[in-house]
Amino acid sequence: MVKLGLFVRLEARPGKEADVEAFLRDGLAVVQQELATTTWYAIKLGPSTYGIFDTFPDEAGRQAHLTGRVAAALMGRADELFSQVPSIEKIDILAAK
């Protein structure tokens, strides 16, 4: 059962929207290798606003994801792709299906 999650809000730099979308799509292959990442969604919230929502069974899984390859790539390309620092929120899952 999932108990914890992350919500990451990303605001693309003007003209970088396609690059952000490609980055998020490419991240799926990496996240699929993370055993403790139960679900992972890359979402588009608006014309230049994107997000990542993912869930984990426990804090160890969430921390493994936060120190994993996708997180490192995200922060490594933040200045290039995003107009502001990605907002990473730790959340508790109250109910899930």
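Trainee: Why does Met 75 count as partly exposed?

Mentor: Met 75 counts as partly exposed because its relative accessibility is 44%; buried means under 20% relative accessible area, exposed over 50%, and partly exposed in between (1.4 Å probe, protein chains only). The model is predicted, so local features need pLDDT of at least 70 and side-chain atom pairs count only at pLDDT 80 or more, while totals for chains, interfaces and linings use all residues. Residues are numbered from 1 along each chain as its sequence is written, and side-chain values use heavy atoms, leaving out hydrogens and water.

Trainee: Which element holds Met 75?

Mentor: Helices (H or I, at least four residues) and strands (E, at least two) are DSSP runs, numbered from the N terminus. Met 75 lies in helix 3, residues 69–76.

Trainee: Which strands pair with strand 3?

Mentor: Two strands pair if DSSP finds at least two bridges between them. Strand 1 (residues 4–11) pairs with strand 3 in the antiparallel sense over eight bridges, with Val 8 and Ile 52 as bridge partners. Strand 2 (residues 39–44) is also antiparallel to strand 3, over six bridges; there Lys 44 stands opposite Tyr 50. A hairpin of four residues joins strand 2 to strand 3.

Trainee: Is strand 3 mostly covered or exposed?

Mentor: Strand 3 (residues 49–56) is mostly covered, with seven of its eight residues buried.

Trainee: How many residues does the largest nonpolar core have?

Mentor: Such a core joins buried Ala, Val, Leu, Ile, Met, Phe, Trp, Tyr and Cys residues through side-chain atoms within 4.5 Å. The largest has 16 residues, and those with the most contacts inside it include Leu 10, Tyr 50 and Ile 52. Helix 1 gives the most to this core, five residues.
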